[in-house]
Structure formats: C-alpha cells, structure tokens
Amino acid sequence: MLKPIRAARPDGAPDLVGCSRYVFRGPARGPLASGPGGSRGLDDYFTRDFGHNIGAEIMGRNEFGPQRGPWRDHGWRGWWGDEPPFRTPVFVLTHHERPSFTLSDTTFHFVDGDPATVLARAKEAAQGKDVRLGGGVTTVREFLDAGLVDTLHVVVSPVKLGSGLRLWDSPEQLLDRFHMEAVPSPSGVTHHLFWRR
C-alpha cells in the first residue's frame, strides 16, 4: 500500500517546523515527536502512526535537499541530521543519481525511473510492509496520476506561506478516484484522509 503524507515549505522542502508543527507538540514518543505540550488527541495519534507498518519511503529530490542539477556536494545528507526519522530504506527520485549511503538505520538510494518502476523497487525493499510516499508535490502528483496511490493523508495548516506548488486547487478534485474525510483538529490543522474507491 502506498501511503503519502505531506507538509511543505514554499520552497518545496519538508516543513518540519511550520505546517506540521502539530507533530512536534504532541506527547507521543514516535519518530517525529520531540517535545512537551500538545494533546493526546488526533494529532498525537497520527504522530504515533507515522511509521506503523512502513517498510520503505519514496521522496522527490527536493524533499531530500536543496541542490538542483548534478550533485556537487555529496556531503549533504538531508534536512534531518544524523538521525533521519524514516528507519527504512528511502528511495529519492532524481535524474542525477549518486551512491547510496546509510545514516543510523536509514539507507538512502538515489534512483531515476518512472513511478511504477520505483514503486516496485520500494515494495521489494519493504518486504510486505507498506511504502510511504513522502513528497514533494510533484512526486505525489506523478504517483496520483499513475494511479499508484492507495491512501493519502495530507495535513493542511491555515497559514499562507507564499509561493510554492499546489497539490490541488480543492481536495474535491480527487473525489472521482478517492473517498475523502476532512477531520479538523483542535491544533488548527485539518487532516484530509483519502482512500481509493
């Protein structure tokens, strides 16, 4: 099962501070929680569920880092420091491959391929578990357009951040292919949950 989750800054980078701030405020001690505060409600549940049954992750190159074009700095190892939150193999979609490397218990593979081919490789690495599609927007759109997404969880924060790519003009655009439930949280974010029809 391909399970995307997405929160991003205007430059397309993962927004681990702004849009998804609720993740860090919950008291769960999952891979993303880091501090006190928050509630034991919906946001906490999603934080704790972040890695449940995930065996591999797929992300776009912009989700991995700020570099464009050929890799000039192999020293860049991601936004997250020496302890990535994934704890699975991660497949980074790029037209400029580079050698795989491991940080803690996460191995990053840099692959060039169409969504179906990359998903097949990630499924093999996941060994029967789900594959999470981490983003960015272009990557999520490619997998949606290819009909490869089974479920989708998008967290929407009521904050205008400026420019960037849109996943949609309205979440209703996906209703021809997915059922949808929008669940507001006391934290101010809305969880948009989609599952294939």
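## Aromatic cluster

One aromatic cluster is formed by Phe64, Trp71, Trp80, Phe86, Phe101, Phe108 and Phe110. Rings of Phe, Tyr and Trp (for Trp, the six-membered ring) pair if their centres lie within 6.5 Å; planes under 30 degrees apart count as stacked, over 60 as edge-to-face and the rest as tilted. By this rule there are 15 aromatic pairs. One of them joins Trp80 and Phe86, edge-to-face, at 5.0 Å centre to centre with 90° between the planes. Trp80 and Phe86 are both buried, where buried means under 20% relative accessible area, exposed over 50% and partly exposed in between (1.4 Å probe, protein chains only).

Arg98 lies over the face of Trp71, at 4.6 Å from the ring centre. The charged end of Arg98 also sits over the ring of Phe110, 4.8 Å from its centre. A charge sits over a ring if NZ of Lys or CZ of Arg is within 6 Å of the ring centre and within 35 degrees of the ring normal.

## Basis of the model

The model is predicted: local features need pLDDT of at least 70 and side-chain atom pairs count only at pLDDT 80 or more, while totals for chains, interfaces and linings use all residues. Residues are numbered from 1 along each chain as its sequence is written, and side-chain values use heavy atoms, with hydrogens and water left out.

## Nonpolar cores

A nonpolar core is a set of buried Ala, Val, Leu, Ile, Met, Phe, Trp, Tyr and Cys residues joined through side-chain atoms within 4.5 Å. The largest has 24 residues, and Ile58 and Phe143 have the most contacts inside it. At least two residues of this core come from each of β2 (54-60), β3 (90-93), α4 (115-126), β6 (130-135), α5 (137-145) and β7 (151-156). Another core, of eleven residues, lies apart from it and includes Phe64, Trp80, Phe86 and Phe101.

## Secondary structure and burial

The protein chain has five helices and nine strands, in the order β-α-α-β-α-β-β-β-α-β-α-β-β-β along the sequence. Helices (H or I, at least four residues) and strands (E, at least two) are DSSP runs, numbered from the N terminus. Of the 197 residues of the chain, 46% count as buried.

In helix α2 (residues 42-49), the residues Asp43, Asp44, Phe46 and Thr47 are buried. They lie on the same side of α2 because they cover an arc of only 165° around the axis, taken from the directions from the helix axis to the C-beta atoms.
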